[in-house]
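Dear colleague,

I am handing over the structure below, together with an account of what was found in it. Please read the account with the structure open beside you.

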Amino acid sequence: MSALLQVEGLTAGYGAAPVLHDVDLAVGAGRIVAVLGANGAGKTTLLRTLSGLLPPAAGRIVFDGLDLRGVKVERMVRHGIAHVPEGRGVVTELTVDENLRLGGLWKRRERRRRREEKTALDEIYELFPAIADRKNHLGHQLSGGERQMLAIGRALVAQPRLLLLDEPSLGLAPRITAQIMGLLRDLRDRTGLAVLLVEQNVRSALSIADEGVVLNLGRVAARQDAATLADDADLRHAYLGF
């Protein structure tokens, strides 16, 4: 069976300076792939390129048989790809409910009717009871964990098939990180959501991932199933710092 997302020979960067060099990876439907590596390894650049925010210099990005080169960001969402960038990206001047509705602006055509939008929001509030209790609060009134939940919830409103998630645990307490990781695992198991997870918290990422990809200076240094990678002490010491 072919992968939902297939990346081959991807080279990308900023101006004349490539950050990614000949990167290959794949994400299957209902799979979580963790992208790991030190700061500067190219993890965020990878997600920005896959989501259409940064044009690739070379290589192929294929999602469910569709070549994504040149596809606009809003079309990515309609095809079933959602990106939650590092820093959460909540609009602090809007309420929780208004932020979630932003996630439906570019959703796929079949989800546009008002009743279906309400159902989509109700599903997010069921997933995240913490923000359901604060739906009329402004974004700046939320805790860091609540903002992260809101950012993920907003991405899920359009019912993506692939979630690109950049550093969801950044700055969060271990308890909140565990909740978010558990939610991702549950969504994978229950809905078949595919996740490409960039994460500095290696142990948390590998605890829910099916596969790990290690980037080093913009190149793939290792690609193994998550359990094998977690047990590979030499590789962890060389690239992941523990």
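Strand β3 (residues 32-36) runs parallel to strand β8, and four bridges join the two. Within this pairing, Ile32 has Val195 of β8 as its bridge partner. Please note that the model is a predicted one.

**Confidence**

The mean pLDDT of the protein is 91, and 94% of its residues reach 70 or more. Confidence is highest in strand β8 (residues 194-198), at a mean of 98, and lowest in helix α4 (residues 114-127), at 82.

The pairing of β3 with β8 belongs to an open sheet of six strands, in the order β6-β7-β8-β3-β9-β10, with mixed pairing. At its edges stand β6 (81-84) and β10 (219-225); each has a single partner strand, so one side of each is left without a neighbour in the sheet. On average, neighbouring strands of this sheet are turned by 15 degrees against each other, direction ignored.

At one end of that order, β9 and β10 run antiparallel and are joined by six bridges. Here Val213 stands opposite Arg223 in β10. The two strands form a hairpin with two residues between them. Leu217 is in the loop between β9 (211-216) and β10, and this residue has a positive phi of about 50 degrees although it is not a glycine. By way of background, most residues other than glycine have a negative phi. Is Leu217 buried or exposed? With a relative accessibility of 65%, Leu217 counts as exposed.

A second residue that is not a glycine, Glu167, also has a positive phi, of about 55 degrees. Glu167 is found in the loop between β7 (162-166) and α7 (174-191). Its relative accessible area is 7%, so Glu167 is buried. Thus Leu217 is exposed, whereas Glu167 is buried.

**The sheet of four strands**

A further open sheet has four strands, in the order β2-β1-β4-β5, and its pairing is antiparallel. β2 (17-27) and β5 are the edge strands of this sheet; because each has a single partner strand, one side of each is left without a neighbour there.

Strand β1 (residues 5-14) and strand β4 (residues 58-63) run antiparallel and are joined by five bridges. Gln6 stands opposite Val62 in β4. On the β5 side, Val62 stands opposite Asp67. Two bridges join β4 to strand β5 (residues 66-67), again in the antiparallel sense; in β5, Leu66 is the bridge partner of Phe63. The hairpin of β4 and β5 has two residues between the strands, and in it Asp64 takes a positive phi near 50 degrees.

**Between the sheets' strands: Gly28**

Gly28 lies in the loop between β2 and β3. At 21% relative accessibility, Gly28 counts as partly exposed, the cut-off for a buried residue being under 20%. Gly28 and Ala227 are 199 residues apart in sequence, and their C-alpha atoms are 17 Å apart in space.

**Helix α6**

How many of the 13 residues of α6 are buried? The count is 11, and the helix is mostly covered. Among the buried residues of α6 are Gly145, Glu146, Met149, Leu150, Ile152, Arg154 and Leu156. The length of helix α6 (residues 144-156) can also be checked: at 1.5 Å a residue, its 13 residues should span 18 Å, and its end C-alpha atoms are 19 Å apart, which agrees.

**Aromatic rings**

Which residue lies over the face of Tyr125? That residue is Lys135, at 4.4 Å from the ring centre. As for pairs between aromatic rings, the count comes to zero, with ring centres required to lie within 6.5 Å of each other.

With kind regards

Terms used:
Residues are numbered from 1 along each chain as its sequence is written. This is a predicted model: local features need pLDDT of at least 70, side-chain atom pairs count only at pLDDT 80 or more; totals for chains, interfaces and linings use all residues. Side-chain values use heavy atoms; hydrogens and water are left out. Rings of Phe, Tyr and Trp (its six-membered ring) pair if their centres lie within 6.5 Å; planes under 30 degrees apart count as stacked, over 60 as edge-to-face and the rest as tilted. A charge sits over a ring if NZ of Lys or CZ of Arg is within 6 Å of the ring centre and within 35 degrees of the ring normal. pLDDT is the predictor's confidence in each residue, from 0 to 100. Two strands pair if DSSP finds at least two bridges between them. The expected span of a helix is 1.5 Å times one less than its number of residues. Buried means under 20% relative accessible area, exposed over 50%, partly exposed in between (1.4 Å probe, protein chains only). Axes are lines fitted to C-alpha atoms, for helices over the stretch in contact, and angles run from 0 to 180 degrees between N-to-C directions.
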